[in-house]
Amino acid sequence: MATKITLFIIALMMFLSSSFAQGGSIAGKVLEEPNKARQNVNVTLKLEGNVEEEVSTDENGEYIIENVEPGTYLIEFTREYCKYEKIDSVLVSPGASLIMEDVVVTEENFFETISRKTSGTWNWVVSMSTLKTPWNQNYLYGLILVSLLVLLLEIAFPWRKDQKIIRKDFWLDAFYMFFNFFIFSIVIAGVYAVIEKSLGGVDVMSSIALFDKSALPNWAFLIVFFIVNDFVQWFTHVMLHKFPLLWRFHKVHHSVQEMGFAAHLRYHWMENIFYKPLKTFAVMILVGAEPEHAFFMHFFSILIGHLNHTNVRITWGPLKYVFNNSVMHLYHHAKELPANRANGVNFGISLSIWDYIFKKNYIPQDQDGSYVLGFEGIDNYPKGFFGQLVSGFKKD
Ligand SMILES: [Zn+2]
Ligand SMILES: [Zn+2]
């Protein structure tokens with residue numbers, strides 16, 4: 001009898017202890033090279049590939065993850081521009097605390113940053129093409145979808161009726177579209193990361209920001225961001241026409257002789273380099289980071305840009321003072337400019353408002369869209385991708 005009671009009590013205690021078993025906790029400290037801030041290291045706990053828990057270290061480099069379900073986890077330590085340390089298989093037992101000391105996160109060198117960013121961008125493109133990216137952030141299929149949509153508009157409502165659907169240089173432009181959007185991004189990602197790192201990285205960007213991101217609702221911030229970004233691009237575009245050195249590269253975009261939506265992304269990759277500093281500066285001054293849901297703005301810009309180049313007559317009615325359109329932009333590409341406007345007209349990217357404010361607007365009287373496009377000497381200009389690539393670096 002006594003044995004049975006003892007066994008019952010032991011069983012009851014085991015049952016109670018198991019049902020009240022609490023998760024364990026993991027605590028530790030991140031060490032780094034001297035004089036380096038230890039905050040902002042992210043500690044991620046992973047269970048069978050799923051992100052279970054993520055915390056950041058405090059100003060002393062310390063972190064604690066509480067109430068972790070018993071089990072075996074992987075722990076990763078990550079920080080921008082640092083090599084992360086992955087700790088294999090940490091066993092969290094019920095109620096126990098696991099103290100991990102002396103985790104060292106060291107800064108990446110130049111080559112490590114380049115290779116991490118380049119392969120990261122490559123993986124980004126691969127994950128988009130294999131549909132592993134969430135649908136609303138899939139720039140690859142997004143670009144294809146927007147292009148097909150505008151192509152359908154060109155088929156249904158052509159402006160210049162005698163222009164073929166597969167017009168002159170259609171495939172060249174299609175190639176430029178994917179080259180500039182994806183291949184170039186992969187090649188240049190590492191270089192940008194090194195520049196950003198040498199400027200102090202994200203920390204510096206958020207510390208000089210004028211506005212607190214949380215002060216505005218996200219949609220309002222997105223609109224402000226879009227407007228500032230568009231102005232910066234408009235200004236850069238004016239400069240591309242003004243200075244001969246910059247114009248040599250921008251000529252690629254103006255070498256289009258039959259206009260259609262795909263011409264939107266025919267440009268020399270050096271243009272990205274010209275646009276980038278001012279754009280980054282604007283972001284820094286504004287809030288220190290791109291807004292959430294920036295993809296919404298990117299798709300909108302692609303759509304407007306495609307529509308500006310499409311063979312469909314679009315004016316937007318009274319909204320023409322706000323949005324750029326195919327009538328205005330076609331004339332931006334015209335070979336013959338009004339007498340006193342030798343440096344160009346209609347520089348708008350997504351918005352036309354800057355052209356009206358700074359008196360760069362020009363709407364021709366006849367709008368049959370039959371102007372000759374290009375620039376002086378276009379007949380001797382290279383016709384293929386590689387010739388155009390090289391020509392930017394050569395003096396006229
Ligand atoms: Zn231009
Ligand atoms: Zn254009």
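The chain holds twelve helices and nine strands. The model is a predicted one. Of its 396 residues, 24% are buried. Among contacts with a separation of 6 or more, 69% join residues 24 or more positions apart.

Leu 143, Val 146 and Val 150 are buried in H3. Viewed down the axis of H3, the buried residues fall within an arc of 70°, so they line one face of the helix. Helix H4 (170-198) and H9 are included in what covers the buried residues of H3. On the other side of H3, the exposed residues are Leu 148, Leu 152, Ile 155 and Ala 156.

H3 also packs against helix H2. Two packed helices are described by the angle between their axes and the distance between the axes. For H2 (residues 110-129) and H3 (residues 139-156), the angle is about 55° and the axes are 7 Å apart. H2 and H3 are therefore oblique to each other, since an angle of 65 to 115 degrees would be needed for roughly perpendicular and one under 35 for roughly parallel. H2 contributes Val 125, Met 128 and Ser 129 to the contact, and H3 contributes Tyr 139, Leu 140 and Tyr 141. By type, the residues of this contact are five nonpolar, one polar and no charged.

Next comes helix H7, residues 244-254. Its buried residues are Phe 249, His 250, Lys 251, Val 252, His 253 and His 254. The cover over the buried residues of H7 includes helix H6 (218-242), helix H8 (270-286) and helix H12 (385-391).

The loop between H7 and H8 contains His 268. His 268 has 22 other C-beta atoms within 10 Å and is therefore buried, the threshold being 20 or more. Leaving aside residues up to four places away in sequence, His 268 touches Phe 249, Val 252, Gln 388, Leu 389 and Gly 392. Two of these, Phe 249 and Val 252, are among the buried residues of H7. His 268 and Tyr 176 are 92 residues apart in sequence, yet their C-alpha atoms are 8.7 Å apart in space.

Pro 277 lies in helix H8. With 12 C-beta neighbours inside 10 Å, Pro 277 counts as exposed, because the limit for that class is 12 or fewer. The C-alpha atoms of Pro 277 and Val 232 are separated by 9.9 Å, although the two are 45 residues apart along the chain.

The backbone has some points to check as well. Most residues other than glycine have a negative phi. Trp 316, which is not a glycine, has a positive phi of about 65°. This residue, Trp 316, is in the loop between helix H9 (294-309) and helix H10 (326-332). Trp 316 has 16 C-beta neighbours inside 10 Å and so counts as partly exposed. Asn 346 also is a residue other than glycine with a positive phi, near 50°. The loop between H10 and helix H11 (353-357) is where Asn 346 is found. Asn 346 is buried, because 23 other C-beta atoms lie within 10 Å.

How values were computed
Residues are numbered from 1 along each chain as its sequence is written. Chains are lettered from A and ligands numbered from 1 in the order in which they are written. This is a predicted model: local features need pLDDT of at least 70, side-chain atom pairs count only at pLDDT 80 or more; totals for chains, interfaces and linings use all residues. Axes are lines fitted to C-alpha atoms, for helices over the stretch in contact, and angles run from 0 to 180 degrees between N-to-C directions. Helices (H or I, at least four residues) and strands (E, at least two) are DSSP runs, numbered from the N terminus. Angles under 35 degrees count as roughly parallel, over 145 as roughly antiparallel, 65 to 115 as roughly perpendicular and the rest as oblique. Two residues are in contact if their C-beta atoms, placed from the backbone, lie within 7 Å. Ala, Val, Leu, Ile, Met, Phe, Trp, Tyr, Cys and Pro count as nonpolar, Asp, Glu, Lys and Arg as charged, and the others, Gly among them, as polar. The arc is that of the directions from the helix axis to the C-beta atoms.
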